[in-house]
Amino acid sequence: MTFDNNYFNALYQGIPIGGYTQMIENMLIGAEIRLGEDYLKHRADFDNIADKIIYTGSIDAYYDYIYGALEYRSVRFETEILDVPNFQGNAVINYTDRETPWTRIIEHKWFEFGKDEEGRELSKTVISREYSSEWKKGDEPYYPVNDEKNNEVYTKYKALADKENKVIFGGRLGEYKYYDMDKVIEAAFEKLEREGIRIKSI
Ligand SMILES: Cc1cc2nc3c(=O)[nH]c(=O)nc-3n(C[C@H](O)[C@H](O)[C@H](O)COP(=O)(O)OP(=O)(O)OC[C@H]3O[C@@H](n4cnc5c(N)ncnc54)[C@H](O)[C@@H]3O)c2cc1C
């Protein structure tokens, strides 16, 4: 009997060795990091300390919603630690049937680790069930809703963004566009190249 338990269509799939954390740590070597800061709340201060700002927040929030709020779809996660070493045997299972209330279950250990530092099988596992949820202002925006109405509003914000010299708008919120990880990294490289910023390999 053969079966295919792959839930994605991309030909090449995976994550970098060490996960994205390691990649981002490398990118930030030598940089001053401040976490938990809202750029929009201290805009003038941040603008004063940098020649260029890369803004990855929502473009409508940047312009104080002057053309109205863009819509997003949100996701709610329910995470559980289970007393078993293996729950579903792989990182992601999607549920597309009408009866199941969650859209997928992630079992985190299968992404990268799955073993302890001595290489022993972990006796527990962590799973997250994902539930699709309506987005309202103030919620974490996850997926842009690229329908005609929202795209029209985004085009107006984009026209303002195109006139900015100091601020580069990037990513799923800054460009109001769904990106997978590989695509958003590629787009970031392209953006930097267009700005004449050389990418150094470490
Ligand atoms: C539920 C979910 C599942 C996904 N699954 C996959 C998958 O299986 N495979 C895949 O390839 N991709 C997946 N993605 C997509 C992937 O997460 C995105 O492509 C990637 O995170 C986009 O990077 P980004 O930098 O554009 O946005 P983000 O990763 O969201 O980064 C934006 C950053 O800007 C910060 N920010 C926002 N506003 C402000 C502000 N005012 N001041 C300061 N900081 C601010 C945020 O805190 C955040 O850190 C998934 C996305 C979601 C939401």
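1. Domain bounds here come from an automatic or database domain assignment. The model itself is predicted. Its chain is divided into two parts: domain 1 covers 15-70, and domain 2 covers 73-134. How far apart do the C-alpha centres of domain 1 and domain 2 lie? The distance is 29 Å.

2. Strand E3 is joined to E4 (residues 104-107) by three bridges. These two strands run antiparallel. To find the pairing by eye, look for Val 92, which stands opposite Ile 106 in E4.

3. Now take E2, residues 72-82. It is joined to E5 (residues 125-134) by 10 bridges, and the two run antiparallel.

4. Tyr 72 has Pro 144 as its bridge partner in E6.

5. Is E2 largely buried or largely in the open? A residue counts as buried if 20 or more other C-beta atoms lie within 10 Å of its own. Of the 11 residues of E2, one is buried, so the strand lies largely in the open.

6. Helix H6 spans residues 181-194, which makes 14 residues. From first C-alpha to last, H6 reaches 20 Å. That is close to the 20 Å expected at 1.5 Å a residue. The number of buried residues in H6 is zero, so this helix lies largely in the open. After H6 comes Gly 196, with a positive phi near 75°.

7. Finally, the ligand. How many residues surround it? There are 13, and the closest are Tyr 39, Gly 57, Gly 171, Asp 180 and Met 181. Two elements give two or more residues to this shell: helix H5 (171-174) and H6. By type, the shell divides into seven nonpolar, three polar and three charged residues.

Technical notes. Residues numbered from 1 in each chain as written. Predicted model: local features only at pLDDT ≥ 70, side-chain atom pairs only at ≥ 80, totals over all residues. Helix = DSSP H or I, 4+ residues; strand = E, 2+ residues; numbered from the N terminus. Expected span 1.5 Å × (residues − 1). Buried ≥ 20, exposed ≤ 12 C-beta atoms within 10 Å, placed from the backbone. Near = placed C-beta within 6 Å. Nonpolar A, V, L, I, M, F, W, Y, C, P; charged D, E, K, R; others polar. Pairing = 2+ DSSP bridges.
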